[in-house]
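Student: I'd like to learn how to read helices and sheets in a model. Can we go through one together?

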Amino acid sequence: MNRLLTFNALNNQVYELALSPGVETIALIPANELLFKQMNYEWLCGLSPSSFEIDGDDFDRMLEYEAVDVIDVRELDELPFVHEFNHQKIPLKQIENAAAGMKSDSVIVFCQSGKRSKQAATILSGIFGPAKKVYSLKGGIENWKKQHPA
């Protein structure tokens, strides 16, 4: 247990490494098989841009219960217009320069379909690092509006 066996097929060498978890990672180790299977590794490891994405339900919850900066990264004249919640309009090409004005600990970006907002989330995460949580609205505002008919 807690060992890693590696085999180098180029030279037929076998290595056995002893592994031990660091103090800060012990809490992340699942207690049983069921918890192991339920872990969200994209979120835990932050491996892909999709780890920034939140669905419409999470978006609604965050709007209601958390202090967040909500940013529309579409161009200023793009439709549909959004009147259902407070937000700022900062086109994607200006997002880096506007980052200093984002004061909340959490930032949610959205666009038409979710593609540009993932780019914006990646840019902002690079700027803020662990200082702020950055999210992209999955499926964009079109998908959110389908879930919230007027």
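Student: What do the buried residues of H6 pack against?
Tutor: Contact means heavy atoms within 4.5 Å. The buried residues of H6 pack against helix H3 (56–65), S6 and S7. Helices (H or I, at least four residues) and strands (E, at least two) are DSSP runs, numbered from the N terminus. This is a predicted model, where local features need pLDDT of at least 70 and side-chain atom pairs count only at pLDDT 80 or more, while totals for chains, interfaces and linings use all residues. Residues are numbered from 1 along each chain as its sequence is written, and side-chain values use heavy atoms, with hydrogens and water left out.

Student: Which residues of helix H6 are buried?
Tutor: Buried means under 20% relative accessible area, exposed over 50%, partly exposed in between (1.4 Å probe, protein chains only). In helix H6 (residues 140–147), Gly140, Ile141 and Trp144 are buried. Seen down the axis of H6, they fall within an arc of 125° (taken from the directions from the helix axis to the C-beta atoms), so they line one face of the helix.

Student: And which residues of H5 are buried?
Tutor: Ser117, Ala120, Ala121, Leu124, Ser125 and Phe128. Down the axis of H5, these buried residues lie within an arc of 135°, so they too line one face of the helix. On the other side of H5, Lys115 and Gly126 are exposed.

Student: What covers the buried residues of H5?
Tutor: The cover includes helix H4 (95–98), strand S6 (106–110) and strand S7 (133–137).
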